[in-house]
Amino acid sequence: MDYSKSWKLKTDYSGRQLWAFSGLSETSDIEKKHAIEANSSDLIYRSQQQPLFSEKVSHSTDPVFKAAFKAINYYQSLQADSGHWPGDYGGPLFLTPGLVMASYVTETPLPAQHQELIKQYFLNHQNTDGGWGLHIEGGSTMFGTVLQYVSLRILGMNANHSQLENAKRWIGKNGGATAIPAWGKFYLSVLGVYEWKGVNSLLPEMCLLPEWLPIHPSHYWCHARMVYLPMAYCFSHKIVGKATPLVEELRAELYTEDYKGINWIKARNNCAVTDLYFPQSTVLKSMNKLLNFYEKFPLKSWRNKATKYILEYIKAEDEQTNFIDIGPVNQAINSICIWHSNGKDSPAFKKHVERWYDYLWIAEDGMKMNGYNGSQLWDTAFATQAIMEGGFEKHFPDTVCKAFKFIDTSQIKEEVPRHREFFRHDSVGGWPFSTVEHGWPITDCTAEGLKVAIKVAGYGQLKVDAIPEYRLKQACDLILSLQNKDGGWASYELMRGPKWLELLNPSEIFGNIMIDYSYTDCSSASLQALMLFLEDYPGYRRPEIIRAI
């Protein structure tokens with residue numbers, strides 16, 4: 001199937017990536033199933049860039065040099081006008097369903113062409129046993145299977161379709177949707193095909209606890225913090241989408257017993273064996289019992305105060321990230337919260353919807369929601385360094401100059417508003433994983449950005465405007481401020497909480513998500529950047545840099 005002529009990737013100076021439908025092919029062409037083994041090869045984007053490829057021949061007799069030259073020559077044809085390299089960042093199978101359900105609950109359907117390609121993506125990655133995994137190469141799980149099944153039904157597929165029949169058998173064989181893990185229970189509750197009383201308390205009031213308490217959300221890893229934030233808002237309001245005939249049908253299709261007879265209290269802690277990666281700890285079970293009892297008689301004034309604060313926090317995250325949000329999970333759930341609080345016609349909700357498309361990517365396996373709004377900075381920083389380490393910048397100067405311009409554009413130059421109020425670390429001087437509009441700096445991304453900035457400026461023969469010294473020093477300052485007490489560097493922030501917080505991990509499907517840890521790769525990148533910076537600026541904070549190293 002060739003739908004590369006039907007879609008065109010549009011990018012801008014910031015690295016924003018949007019696939020646009022041109023309407024040159026009929027929808028029926030898109031509906032044809034295209035078999036694929038596992039990962040895509042990004043053939044759609046590559047085929048569009050093919051006309052830009054022109055064979056440059058190296059006159060070197062060194063076979064290694066010639067091979068590398070040929071590779072870079074091809075790779076530079078994939079570079080976008082902005083200077084970055086676009087690419088597929090899909091894989092997790094729980095991302096796209098979150099968006100599909102958000103669009104259904106808010107009655108904001110995705111365009112028909114998008115829906116068809118999303119269906120194709122789901123169908124292409126179904127396992128032979130009828131289920132879907134947590135990601136495209138994983139064994140079948142209740143979480144993956146129920147989410148894909150529900151999404152395909154929302155996208156118009158009939159329940160008697162052979163692939164859905166296989167999925168329904170898998171769900172029934174493994175206990176039905178009452179055995180879906182906690183995140184799945186949340187999604188289904190918002191959709192209206194699971195009851196909120198079957199969800200353990202998400203205690204919105206936790207954000208009102210004193211900040212010095214380790215269990216205050218400000219101590220969590222930022223991704224956990226920003227996902228459970230909108231979940232808590234939805235839980236507080238018990239948000240449920242419109243009761244539709246499809247909702248009634250799903251209630252009958254997903255369970256092994258009559259929906260009205262399900263013991264929802266018992267279902268709270270029911271999790272399929274296929275999904276139970278991180279079982280609830282004894283501490284969490286005890287806390288859940290206490291909090292679920294509290295939910296019978298919540299203090300209304302306290303609950304209202306907490307929910308109001310959470311909404312302010314959500315709006316701050318939207319503002320700080322230009323409605324991209326830190327990742328695809330909270331972007332979709334934040335959309336539901338803003339739809340609920342501000343209304344479907346509000347400017348804020350419309351901005352959310354506009355950003356849905358920043359996360360969507362098309363490859364030969366269909367359309368999927370990326371794990372981020374792209375990996376633009378990350379890929380560009382490594383590509384630039386690879387070209388320079390091989391000494392190829394003299395052969396591909398335009399490629400390196402374009403990449404450097406993107407690196408320059410992507411550095412965060414202004415502090416995000418109200419960052420201290422909402423527990424953000426400093427951002428100025430940092431580099432994000434994707435785009436400057438996203439705006440969450442990461443330690444190793446900042447390190448790689450700084451390394452490129454120094455190396456390109458140091459080469460001297462490229463026609464680029466070097467990044468000003470004060471901005472390089474800001475990057476150094478940020479890296480130094482992010483070193484943990486154990487000597488290492490975590491991802492986004494300092495390690496803020498004790499490791500025992502993992503005992504409160506309620507996800508069941510993920511491990512080590514409650515706090516940010518020091519990682520070898522983040523620490524290695526930060527070390528390399530500091531050492532390189534010290535060579536060029538030996539007089540700036542030298543004792544502190546040496547101590548950090």
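**Pockets, salt bridges and a hairpin in the predicted model**

The lining of the second largest pocket comprises 4 nonpolar, 4 polar and 5 charged residues.

The largest pocket holds about 970 Å³ of space. A total of 34 residues line the largest pocket, with Y89, W221, H223, G371 and Y492 lying nearest its centre. Classified by side chain, this lining contains 23 nonpolar, 9 polar and 2 charged residues. Several helices take part in the lining of the largest pocket: α9 (222-237), α14 (328-342), α18 and α20 (520-536) each provide at least two residues. Of the contributors to this lining, α9 gives the most, with 4 residues.

Charged side chains were examined next. Side chains of opposite charge can pair when their charged atoms come close. The structure contains 25 salt bridges. One of these joins R303 to E205, with the closest N and O atoms 2.8 Å apart. Because R303 belongs to helix α13 (residues 300-320) and E205 to the loop between α8 (182-191) and α9, this pair ties together parts that are 98 residues apart in sequence. Both partners fall under the 20% cut-off for burial: R303 is buried at 8% relative accessibility, and E205 is buried at 0%.

A further salt bridge is formed by the side chains of R355 and E437, at 3.3 Å from N to O. R355 is located in helix α15 (residues 347-356), whereas E437 is located in the loop between α17 and α18, so the pair ties together parts that are 82 residues apart in sequence. R355 has a relative accessible area of 8% and is therefore buried. Both R355 and E437 also belong to a network of salt bridges that links them with R16, E354 and D358.

The side chains of R420 and D426 likewise meet in a salt bridge, at 2.8 Å from N to O. R420 is exposed, its relative accessible area being 55%, while D426 is partly exposed at 29% relative accessibility. D426 is also one of the residues in contact with H419. H419 is situated in the loop between α17 (397-410) and α18 (443-459). With 13% relative accessibility, H419 counts as buried. When residues up to four places away in sequence are set aside, the contacts of H419 are Q320, R424, H425 and D426.

Strands β1 (residues 7-11) and β2 (residues 17-21) run antiparallel and are joined by 5 bridges. Within this pairing, T11 is placed opposite Q17 of β2. The hairpin of β1 and β2 has 5 residues between the strands, and G15 there adopts a positive phi near 95°.

Note on methods. Residues numbered from 1 in each chain as written. Predicted model: local features only at pLDDT ≥ 70, side-chain atom pairs only at ≥ 80, totals over all residues. Heavy atoms only, no water. Pairing = 2+ DSSP bridges. Buried < 20%, exposed > 50% of the residue type's maximum accessible area, 1.4 Å probe, protein only. Contact = heavy atoms within 4.5 Å. 1 Å grid on protein atoms, 1.4 Å probe; cavity = no way out; pocket = protein on both sides within 12 Å on 5 of 7 lines; lining within 4 Å. Points joined across faces, edges and corners; volume = space filled by probe spheres on them. Nonpolar A, V, L, I, M, F, W, Y, C, P; charged D, E, K, R; others polar. Salt bridge = Lys/Arg side-chain N within 4 Å of Asp/Glu carboxyl O.
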